[in-house]
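I opened my notebook to look up one chain, from its overall build down to single residues. Here are my entries, in the order I made them.

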Amino acid sequence: MEEALKDNMIGALENVIDPELGIDIVNLGLIYNVDLDDDGLCTVTMTLTAMGCPLAAHIEQDVKHALSDIPEIKEINVEIVWNPPWGKDKMSRYAKIALGIPD
């Protein structure tokens with residue numbers, strides 16, 4: 001996958017806001033990988049801030065919606081994983097500042 005397309009996909013995912021924290025899922029460090037195969041299948045490997053998150057289905061739908069406007073993507077698969085576990089160390093500097101978390 002070309003780098004410009006991957007950047008476009010990550011940019012689209014920056015529009016997906018975690019409803020509990022009010023910060024996008026990219027800056028929260030929830031996105032572990034995005035991939036697009038030759039058939040147009042986009043696979044997003046991500047985690048959530050906590051197991052059993054009641055908003056998991058909502059966030060998954062928002063991810064699919066955010067990527068749906070990219071013409072190269074024909075189908076979207078969201079894989080939620082728990083390893084490696086998410087931690088505050090995965091957050092961007094922007095997210096830490098916005099949430100008042102010391103760097």
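Before looking up any residue, I wrote down a cut-off: buried means under 20% relative accessible area, exposed means over 50%, and partly exposed lies in between. I also noted that this is a predicted model.

**Entry: Leu30**

Is Leu30 buried or exposed? I looked up its relative accessible area and found 0%. That is under 20%, so Leu30 counts as buried. I placed Leu30 in the loop between helix H1 (3-13) and strand E1 (31-36).

Next I asked which residues touch Leu30, leaving aside its neighbours within four places in sequence. I listed Asp18, Ile25, Thr45, Met46, Thr47, Leu48, Thr49 and Trp86. I then checked Leu30 against Pro85. The two are 55 residues apart in sequence, yet their C-alpha atoms are 9.7 Å apart in space.

**Entry: Thr49**

Thr49 was on the contact list of Leu30, and I followed it up. I found Thr49 in the loop between strand E2 (41-46) and helix H2 (56-67). Its relative accessibility is 25%. That value falls between 20% and 50%, so Thr49 counts as partly exposed.

What does Thr49 contact, beyond its neighbours within four places in sequence? I noted Asp18, Leu21, Leu30 and Trp86. I also looked up Thr49 and Ala66, which are 17 residues apart along the chain. Their C-alpha atoms are separated by 20 Å.

**Entry: the whole chain**

I stepped back and counted three helices and three strands in the protein chain. Read along the sequence, they follow the pattern α-β-β-α-β-α.

Why do I call the chain compact? A compact globule of 103 residues would have a radius of gyration near 13 Å. The protein chain has 13 Å, so the two agree. Its C-alpha trace spans about 40 × 30 × 20 Å along the principal axes.

I looked up burial for the chain too: 37% of the 103 residues count as buried. Residues 24 or more positions apart account for 61% of them.

**Entry: surface and charge**

The accessible surface comes to about 6000 Å². Carbon and sulfur atoms hold 48% of that surface. I noted 7 positive and 19 negative charges, with mean positions 9 Å apart.

**Entry: the record**

Last, I checked UniProt. Its unreviewed entry lists residues 9-79 as "domain: MIP18 family-like". In the model, that span is 24% helix and 24% strand. Its end C-alpha atoms lie 16 Å apart.

How values were computed
Residues numbered from 1 in each chain as written. Predicted model: local features only at pLDDT ≥ 70, side-chain atom pairs only at ≥ 80, totals over all residues. Heavy atoms only, no water. UniProt positions renumbered as here; feature names shortened; annotations may be inferred. Helix = DSSP H or I, 4+ residues; strand = E, 2+ residues; numbered from the N terminus. Rg over C-alpha atoms; globule rule 2.2 N^0.38 Å. Buried < 20%, exposed > 50% of the residue type's maximum accessible area, 1.4 Å probe, protein only. Contact = heavy atoms within 4.5 Å. Areas by Shrake-Rupley, 256 points an atom, 1.4 Å probe, with all protein chains shown as cover. Lys, Arg positive; Asp, Glu negative; His and termini not counted. Charge placed at Lys NZ, Arg CZ, Asp CG, Glu CD.
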